[in-house]
Each structure stands twice: as C-alpha cells, then as structure tokens.
Amino acid sequence: MADLRIFSYIPNPRIWKATIAARLCGVDVELRGAKPGQLSEWLWDYDARPLNNVDRARGKELLRQSRTGFNTELYKTDGFLAAHPFGTVPAAFGPNGDIGIFESNSIARAVARLRRHGPALYGDDPYEASRIDSFLDVSLVFALAGQNYLLALNNNAITADIHGQARKAFTTYMAGMEAALSSSPSYLVGDDITLADIVFVAELCSFAREAVHLERLSEHGLEIIFQPDATAASYPTAIAHFDELCQGPAFVPDIAPFMEKLEARREAGFS
Ligand SMILES: N[C@@H](CCC(=O)N[C@@H](CS)C(=O)NCC(=O)O)C(=O)O
C-alpha cells in the first residue's frame, strides 16, 4: 500500500509539489485521476474511479454542485466529503483512506514528514520549518489570484480588473522571491532544497498556463503577464533559480513534458 494516495485531475502542477518531494525523499505516492474534463465522470472517493452503472443509478445521493473550476455537478461520496470537507482536488488520503489531507501545500508537507531519506524538505528545526511555512503561505496567496485569473480565462470571463489583480499578485510574489534569493542565492531556506523551492516552481508553472490563452488575452487587449524574457530581466535571480530547479532529476518527469507543450503553444502564437 502506498504511503499516500492522491486523487486529482492530471496533469495538475499542484500535485507536482507532492510528486517532486516524494522522488527526493523516497515516499511512495499513488496517483489516481484523469483529464480535468473527465472528472465529472468519476466517483470522487478514496477508491476514486470512473463511474459504473451502480454509481450512476445512485445519482441524486452522490451528485453535488461544484464550486471552483468545474461547471457541473460532481459525484462525491459522503466518505469523500467527510475526509475532504471543502470537496476539492487534489485530495490526498493516508493508508486505508481514514485521513484526508487537502490543500496541495499540506499534501506536500505530508510527503516531507513521511520522508525516508534525502534532503530535509521541511527544514532542520522549528525555525526553518516555520520559515518554509512562510514561503508556502505567500505561495498560496499568489496561487489564489492565479487560480482566479486562469479560471476567468478558461470561462471566457476575463476582465481588466481580474488581469490587474493577477499582475499585482505576480509582481509581489516575484519581487519577494527575488529579494529572498538575492541574500541567499542557493535555496530559499537554508543550504539545501526544501518545500519552499518546490512549491515556488509548481506555482510558477501553474501561472505559466496563461500562455494557453494568448488568443483570448489578445482579444481583450490584455498582455501575457509571465513573459519568459521580460520576467527574467526583472527577476534574474528568481528565474535562474526556477530554471535550475526545473532541470533537477526529481523535477524533470513532471515539468519537462509540461514545458514542452507550453513552449509549442507559445511558438504557435495564435494563428
Ligand atoms: N488551494 C487549493 C485549490 C483546490 C481547488 O480549488 N480545487 C478545485 C479545482 S481547481 C476543486 O477541486 N473544485 C471542486 C469543486 O468545486 O467541487 C489547493 O492548492 O489544493
């Protein structure tokens, strides 16, 4: 049995926080899920799986209106909602599904705490762990603005206001990361990689998905916010750190296919 099971739509940069951490510290993580559009045809449960006829017949008892990121009803069991009171994915479970762990940063913390070997991803003492938490908290604040922005782009509901809030969140986050790395250029906390670095990479990748919507942004007279060259010029140390981390063997399996697709999208422009 795996140390942790995670149910999510796939690919999802939020779960890379856990999968990258798991590769670095020898934790066995089992992933379950499918493309975002397919999860409305899945049973949201510890034993998550594509719906069968029995699940469909239970219909009303399982169907719940979604709140964020899905414009449909979803089949969630009572057990799922007991373990995951906010009803969101990524949804992690301890062995046997007794304990639900939600919020991708907390799922990554669980992996770090289950560490068998490798770097101390959650720091060496309470002070380091708390400083790592500081970076995880600012990353969540940034992620919420990014999520709002990406969902508005997905749903063709983008406005200058939402774009402005996302730009502000991006510049605030990047300026803070640049400042942190300017005084301690190797890693965000201490002398080795921690969850702070991993979550930074995952959140920037998540935000980079705005590039999928170049055409929509242009239709609304809005500019892409995370432009690789301009961002590297404004935040050189933070982007160098990001680029270097992305090359790491624990990062490549998740990041490389994603970056290749995104690059192809950028190169294709919006012809
Ligand atoms: N901050 C959370 C975000 C989780 C979240 O908002 N998940 C959405 C999908 S993007 C969800 O599961 N929505 C299901 C629903 O609203 O029923 C994290 O990092 O895990």
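Which residues gather in a patch of negative charge on the surface? In this predicted model, the patch is formed by Asp124, Asp125, Asp191 and Asp192. Let us take Asp191 as our way in. Asp191 sits in the loop that links helix 6 (160-183) to helix 7 (195-208). Its relative accessible area is 76%, and since exposed means over 50%, Asp191 counts as exposed.

In strand 1 (4-9), 6 of 6 residues are buried, so the strand is mostly covered. As a general rule, side chains in a regular strand alternate between the two faces of the sheet. Strand 1 has Leu4, Ile6 and Ser8 on one side, with Arg5, Phe7 and Tyr9 on the other, and both of these faces are covered.

Strand 1 has strand 2 (residues 29-34) as a parallel partner, and 6 bridges join the two.

In general, the strands of a sheet pair through backbone hydrogen bonds, in either a parallel or an antiparallel way. The pairing of strand 5 with strand 6 (residues 73-76) is antiparallel and runs over 3 bridges. Here Leu63 stands opposite Tyr75 of strand 6.

**A covered helix and an exposed residue**

How many of the 10 residues of helix 4 (residues 104-113) are buried? The count is 8, so helix 4 is largely enclosed by the rest of the structure. The buried residues are Ser104, Asn105, Ile107, Ala108, Arg109, Ala110, Val111 and Ala112.

Glu219 gives a contrasting view. This residue belongs to helix 8 (residues 214-219), and it counts as exposed because its relative accessibility is 57%. Thr231 is 12 residues away from Glu219 along the chain, and 23 Å separates their C-alpha atoms.

**Backbone details to look for**

Some backbone angles also deserve a look.

| Feature | Residues | Angle |
|---|---|---|
| cis peptide bond | Ile10 and Pro11 | omega about 0° |
| cis peptide bond | Val89 and Pro90 | omega about 5° |
| positive phi, not glycine | Asn96 | phi about 70° |
| positive phi, not glycine | Asn156 | phi near 55° |

Where do these residues lie along the chain? Pro11 is in the loop between strand 1 and helix 1 (13-25). Pro90 is in the loop that runs from helix 3 (78-83) to strand 7 (91-93). Asn96 lies in the loop between strand 7 and strand 8 (100-102). Asn156 is found in the loop between helix 5 (126-154) and helix 6. With a relative accessibility of 43%, Asn156 counts as partly exposed.

Definitions and conventions
Residues numbered from 1 in each chain as written. Predicted model: local features only at pLDDT ≥ 70, side-chain atom pairs only at ≥ 80, totals over all residues. Heavy atoms only, no water. Patch = residues over 30% accessible without salt bridge, like charges linked within 9 Å, V, L, I, M, F, W, Y side chains within 5 Å. Areas by Shrake-Rupley, 256 points an atom, 1.4 Å probe, with all protein chains shown as cover. Salt bridge = Lys/Arg side-chain N within 4 Å of Asp/Glu carboxyl O. Lys, Arg positive; Asp, Glu negative; His and termini not counted. Charge placed at Lys NZ, Arg CZ, Asp CG, Glu CD. Helix = DSSP H or I, 4+ residues; strand = E, 2+ residues; numbered from the N terminus. Buried < 20%, exposed > 50% of the residue type's maximum accessible area, 1.4 Å probe, protein only. Pairing = 2+ DSSP bridges.
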